[in-house]
Structure formats: structure tokens, C-alpha cells
Amino acid sequence: MTATSTRKRRSILNVIPFGDNTEEEIMRTADAAGITSSEAYSENQEPIEELEERYERVNPAGLLPGVSNKYWVPIGALTIAIKPMADAATQTANAKSLNQMRAALTRMLTTLKRNAAAITPEVWAEMERKRIANYIRTKEAAGKTPDPKMIVPKEQVKNLHLTSAYWKPVNQMIEWLKDPVNKQPPFTIFTEGSSKLPFYQWSTVPGVTCPGAGKCWDERPSSIKFDKEGNPYRNISSTPHKAYCYSLSGWRQVYPYLRQLQNTILTRITNKSHIERDLMRVQKENPRAVVRLFVDGDFDSLETLTFWMHTCRRFPDMKFYGYSKSWHLFVKYDEEHGGDWPDNYVLNLSNGTMWESLGGDIYAKMTDRMMKIKCVRGRFVAIKDVYRRDANGNVMMKTDKKGKMIPIISVMPKLSEKLAKDEADPRSHPSVAEAWRQHMADVKWKAKESGLGNVFPCPGKCYACLGAKVGSESWTTTVQSGGYGKHACGEAGRRENIVIAVH
């Protein structure tokens, strides 16, 4: 598709216009390419849908002349153009006052309302045609029969913006920001996880709360500076540059971002009673609950780290664990507290830190220093280029469509959702047990070649990898008593590297 082709405009309601940046980016693109804003918008969005079908790693923003190739996030087979949303969302989180945040979110609603009002009957009909076609294609791909009610075109409604998934929650956030101390937060603070991660979870806005992030947020060496003492630091107010931060994928839905923003505010205001009260709710529901800190985001300051370690001590029967790139804050805390850490907190060292970006002695010395900290379990490493191996460790090859010999990618076996609910650890199910043995062997070969030594391959299920078989009598007894199965990332005594394959 070229920039000069004509196509009906797709509704801006299908992305999250966190501010006028979304519309302005399209306008600037249109001016640069000499096309209409409607054509520019369609060109910017359509390649994303095509990518889902082709499963190619291409930057959608790069397919349109004038759109920056600067911001993108590879998520599995899909690559998401992130710049307009990342700019506006990050700017909102970096606002110097709550009034600025409210103003930014209000602009977002103004943009949403204006663009909804501009949708003509012809554009609406085209949107419905695409919706129905996508629905039918999805159902047929899954071997299911489409619901007749879902393939009937819907009539265009008045005040379309009021039906948007963004209108109500963003208004709730705006209202709460008037008095975040005395008003009840609009979104759940600690969320319960999925079948993959059934622990309670705490998240903040990624990037702006990640002072130790490296290539996961910004691949440019120039993004890392050094202070007078020679210590590296990064400007955490910057927006992502060719980031692979998985957290950004959640921003295609409004609720994850608003919850992250809410929790970031709760962390930074002096009165943190809302956090404590919600954690007391979690404790009441499950006195032995496991809480993963910072599924998204990270410890943004020594004050934040100190608060959470104090909180861990206040809830000694609960277990806290997580992953962090804010290594310098842990070193500082360790020095100030004489190596005294709460016994119920376990830290895994994430790869992708700015020290890893710097490499050499700086990275080696910092890693050694971190491994001496009491709460540190070890490293959690995502490794690339994991291929199928034969019994001798040789990479297995196949012929692609063009007749070229390429390595066979080793893929983590998965269970169907129905089976996964009954037997959460995929390695124990006979339908994939042999494939799992092969994949774990492939991961270990790659880890050995990468100098990682003895490793523990992550099965992708964050609570059953060390405990009793899910569904067994032992497992049932554990769950009924308020506990979970053991998981490697939460066990302080397991010092080996935990690895997972990524592609």
C-alpha cells in the first residue's frame, strides 16, 4: 500500500488518544506526505492489522512516509506503533502537578469527542463492514460458527464518545485527581493475576519509574549519562526509543495505563494509606498471599524502595517478590541499612539494565555487587535465538519457502486454555511432556553457549514450577490453606540463573 492510495478513515476510537498528540502526529504526517489526514490515519493503522495476519516483524510506523520510525515495541509476532500514545502517556505521568495531569486527560477526552463527532455515516458503515469481516475471520480460524447477532451491522449512535471504553474511566481518574488523598482510588490497587500469574500484582507507569532501564527502554548509548562520581544514570522522563518493554503493549487498553498512573501517584504522594488499606484487604482474603511488586514499572527512588521494604516487614506472613533493574537503589539501601533486608522479599535481577548496556567491568562489578545483597535470589535472563537441537547439541535446520536452509526455532509448548485451568504446569501434561523435555534441553544448550552455566528453564507458569502437581491432593491442600505452590523466582535459596526463551 502506498501513501497515495485512498481508503476510508478508521475511527480514532480504536486507539487510545491520550492527548492531542495523537491527532497532531497524524496531521504532521499528512502535511509531510502531501495527503489528507483521513488517508494518513488509515495508512498508519491498517499495517497493524495486516501484521497480525502476516506475522512479520516490521515497524508499522515505518510503512508510512513522515511517521517516525523512532518508537516501536515488538510484542511476539506483532509490532506496535507506539509514538503518539507513548509521548502523551509519558508526559501525563511526568506532569509536575496533579492539575497538569487532569488537564492532559481532559484534552484526551476533548480529542475523543471531537473525532467521534466527525465520523460520517459512510465511515461508520465501513467501520462496521471491517468489524464484521474481522469477527467472521476470527471465528472461522478458531473453527467456530459466528453468532448471527454479531454479523448484523449496528446503527450509528448519537454521542458516540459516551460509548467509548475510555470515557468513563478517564473521567473517574480526572475526578479522583481533585483530591487523591481523601477520595477513594477509582481502580483496584493490587490486582489478582491470571492463570499464568495468579499472585497479587502491583504496577506503575513503565519507563518513568525505571531509572535503571537500558535497552528495554532506550537503545541509544547517549541516553545514559554519568555523574561527577562516575555513576551512570538515565533521564527517566524520556519517552521510549525502539523499546522492547512488554508493558507498553498493555497501553492499547485504557484500564492498564490508568491503573499504572494511579499507582504511580499513590507512590509519590506523602500519604500512602490507600496502599496499606488495600494490602490489608489482600491479607484478609489470603493471609499467606504472594505479591509480585512491579509487574510493570520499577522502584523509582530510594524513598520508594524504603517504603516497600518497610511494608514487607509490616506483613510478615505474606511473601513479596519481583524483578528490578534499579540496581543502584538496592546497593544504596544495602549500604544504609547494613545489609538488613526483610526475610519475606526476594529479588530477581532483570537483564536489560543500563549497566548491561554499558558492559565491560562496569556491568561485571555491578552484577557481583548485587549478588552479594541478601534479598537477591539470582538472575532472570531472557535469551534469544533458541533453536531445536539434536542429541549432540547440533542446531536442526529446515528449508523455508524460498528453498533456503534456516534453523528451527524451539517454541515453548502450550496447553489449551481448558487444560491449563485444570493442570497449570504444562510440563506435567502428557500431551506436551515430550515437547517440553525437548524445549528445556534446547534452552540449556543455548544458555551453556551464552556462558550462563547451570540454569533453570522457566515453564511460563509463575507458581507451579517447584511445587506439587497442580490438581493433586497436595496442591489442593496447599491452596485451601491459603498458599501457593513453590516457584523458582520466589525461592531465595535457588541461586542458579532462571532463563526463558524469547524470539
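Are F299 and F330 buried or exposed? Both F299 and F330 are buried in this predicted model.

**Aromatic pairs**
- Counting rings whose centres lie within 6.5 Å, the model holds 15 aromatic pairs.
- F299 and F330 are one of these pairs, and it is edge-to-face because the ring planes meet at 85°, with the centres 5.3 Å apart.
- F299 sits in the loop between strand 7 (290-293) and helix 9 (302-314), while F330 belongs to helix 10 (residues 327-336), so their contact ties together parts that are 31 residues apart in sequence.
- Y333 and W341 make a tilted pair, with 4.4 Å from centre to centre and 45° between the planes.
- Y333 counts as buried at 2% relative accessibility, and W341 counts as buried at 1%.

**One aromatic cluster**
- Both of these pairs belong to one aromatic cluster, formed by F190, W202, F294, F299, F307, W308, F330, Y333 and W341.

**Charges over rings**
- F307, one of the cluster residues, has K272 over its face, at 5.5 Å from the ring centre.
- R494 lies over the face of F456, at 5.0 Å from the ring centre.

**A nonpolar surface patch**
- On the surface, M150, I151 and V152 form a nonpolar patch, and together they have about 220 Å² of accessible area.
- M150 is found in the loop between helix 5 (121-141) and helix 6 (167-176).
- With a relative accessible area of 32%, M150 is partly exposed.

How values were computed:
Residues numbered from 1 in each chain as written. Predicted model: local features only at pLDDT ≥ 70, side-chain atom pairs only at ≥ 80, totals over all residues. Heavy atoms only, no water. Patch = residues over 30% accessible without salt bridge, like charges linked within 9 Å, V, L, I, M, F, W, Y side chains within 5 Å. Areas by Shrake-Rupley, 256 points an atom, 1.4 Å probe, with all protein chains shown as cover. Salt bridge = Lys/Arg side-chain N within 4 Å of Asp/Glu carboxyl O. Helix = DSSP H or I, 4+ residues; strand = E, 2+ residues; numbered from the N terminus. Buried < 20%, exposed > 50% of the residue type's maximum accessible area, 1.4 Å probe, protein only. Phe/Tyr/Trp six-rings, centres within 6.5 Å; stacked < 30°, edge-to-face > 60°. Lys NZ or Arg CZ within 6 Å of the ring centre and 35° of its normal.
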